[in-house]
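Q: I am new to this structure and would like to learn how to read it, one feature at a time. Could we look at it together?

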Amino acid sequence: MRATTIHNLTVQPLDIPLLTPFGIAGGSQEIARNLLVRIELADGTLGYGEAAPFPAFNGETQASAQAAIESVRSIIEGADVREWRPLARALGEPLIKHGSARCALETAILDALTRHVGMPLYVFFGGAGSVLETDMTITTGSPEDASTAALAILDRGIRMIKVKIGGGDLDLDLRRLIAVHAVAPDAPLMLDGNGGMRADEMLALLGALHAQQIHPVLIEQPVPGDDWEGMNQLARWCGAPVAADETASSAANVLRLAHEQAAQVVNIKLMKCGVVEALDIATICRVTGLRLMIGGMVESLLAMTMSAHFAAGVGGFEFVDLDTPMFMAENPFVGGFQQRGGRLEIGHITAGHGVTPRSG
């Protein structure tokens with residue numbers, strides 16, 4: 001058995017309470033019901049990954065993700081982490097509907113490999129940089145809640161604000177956005193519909209915002225992921241860059257987005273399709289001129305730090321949305337990125353993603 005052979009795989013629930021419910025158009029979550037994956041190499045090196053299924057996003061649950069991971073145990077144990085691309089291909093078909101499970105396993109595999117060789121993951125991904133600047137999200141709620149949240153974001157030293165919209169009440173969305181702009185008039189504003197709107201509703205909301213002299217810098221996935229006609233319409237008429245999130249669930253979909261010019265930006269989330277396919281998506285975006293965004297589900301410091309390594313190492317990410325650790329009441333990990341205001345730094349990490357469970 002080689003030193004880089006995977007000797008053992010373990011998976012266990014990772015339940016982290018949130019400070020406040022994380023609400024999007026499709027529903028809300030009060031506890032991050034995630035999974036912690038650990039692989040051990042023959043030489044004792046450990047690698048860690050996190051699955052963050054979000055039922056309101058794609059129906060994936062903690063139980064279904066754990067079952068998916070257990071179903072591929074025979075593929076994982078005995079494999080060599082140096083052969084990470086063939087291993088990812090072997091996982092692709094069994095985990096095609098379980099993006100968070102695939103992400104957790106591929107994260108653990110690459111973490112173990114780079115810890116074994118003593119290389120930080122941002123260098124492994126290309127070494128383009130080691131610093132990012134994140135936004136922070138205002139989830140669903142009342143205009144008063146939105147105003148309070150915006151002030152708290154500014155107090156943290158974060159300058160870019162993302163607002164969840166699309167709950168079915170355009171007037172409420174408008175009043176919430178006006179409330180945010182009133183207390184943070186200089187903050188770049190991103191709107192995220194999470195597929196909860198129609199194209200005509202989004203255009204109507206934008207018209208009302210323009211009348212109030214509010215001009216968002218990004219419109220993220222207002223329509224459902226399979227509404228290609230709506231995405232095409234918005235990409236042509238929004239007057240602001242449109243980011244694909246739910247629509248950009250695979251490399252094939254991103255290639256179609258580029259061909260149809262149905263978005264200007266792609267939000268890459270490792271939890272949607274895994275780390276290796278995300279690399280393919282980033283390559284398609286570079287070749288076709290689609291701009292890059294990095295985001296995530298309701299993820300802890302572990303998964304968010306992995307995404308930071310990915311985006312900083314690959315480089316060229318204009319929009320960064322790696323804020324969910326700030327919504328968590330507990331941090332069960334040590335290490336990870338260092339945050340100062342909206343600035344995320346990973347240059348101090350010497351091997352892997354640099355995150356370890358407090359319990360070991």
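Predicted model: local features only at pLDDT ≥ 70, side-chain atom pairs only at ≥ 80, totals over all residues.

Q: In which helix does Asp173 lie?
A: Residues are numbered from 1 along each chain as its sequence is written. Helices (H or I, at least four residues) and strands (E, at least two) are DSSP runs numbered from the N terminus, and Asp173 lies in helix α8.

Q: Is Asp173 buried or exposed?
A: Buried means under 20% relative accessible area, exposed over 50%, and partly exposed in between, with a 1.4 Å probe and protein chains only. Asp173 has a relative accessible area of 4%, and is therefore buried.

Q: Which residues is Asp173 in contact with, leaving aside its neighbours within four places in sequence?
A: Contact means heavy atoms within 4.5 Å, and on that basis Asp173 is in contact with Ile165, Gly166, Gly167 and Leu205.

Q: Which residues in α8 are buried, and what covers them?
A: In α8, the buried residues are Asp173, Leu174, Arg176, Leu177, Ala179 and Val180, and their cover includes the strands β5 (136-138), β6 (161-164) and β7 (189-192) as well as the helices α7 (143-155) and α9 (199-211).

Q: How do α4 and α5 cross?
A: Axes are lines fitted to C-alpha atoms, for helices over the stretch in contact, and angles run from 0 to 180 degrees between N-to-C directions. The axes of α4 (residues 84-92) and α5 (residues 99-117) come within 11 Å and cross at roughly 165 degrees. Angles under 35 degrees count as roughly parallel, over 145 as roughly antiparallel, 65 to 115 as roughly perpendicular and the rest as oblique, so α4 and α5 are roughly antiparallel to each other.

Q: At what angle do α4 and α13 pack, and which residues make the contact?
A: Helix α13 (residues 275-288) packs with α4 at an angle of about 105 degrees, with their axes 9 Å apart, which makes α4 roughly perpendicular to α13. The contact is made by Trp84, Arg85 and Ala88 of α4 together with Val276, Leu279 and Asp280 of α13.

Q: Where is Arg198 found?
A: Arg198 is found in the loop between β7 and α9, and with a relative accessible area of 47% Arg198 is partly exposed. The C-alpha atoms of Arg198 and Arg38 are separated by 41 Å, the two residues being 160 residues apart along the chain.

Terms used
Heavy atoms only, no water.
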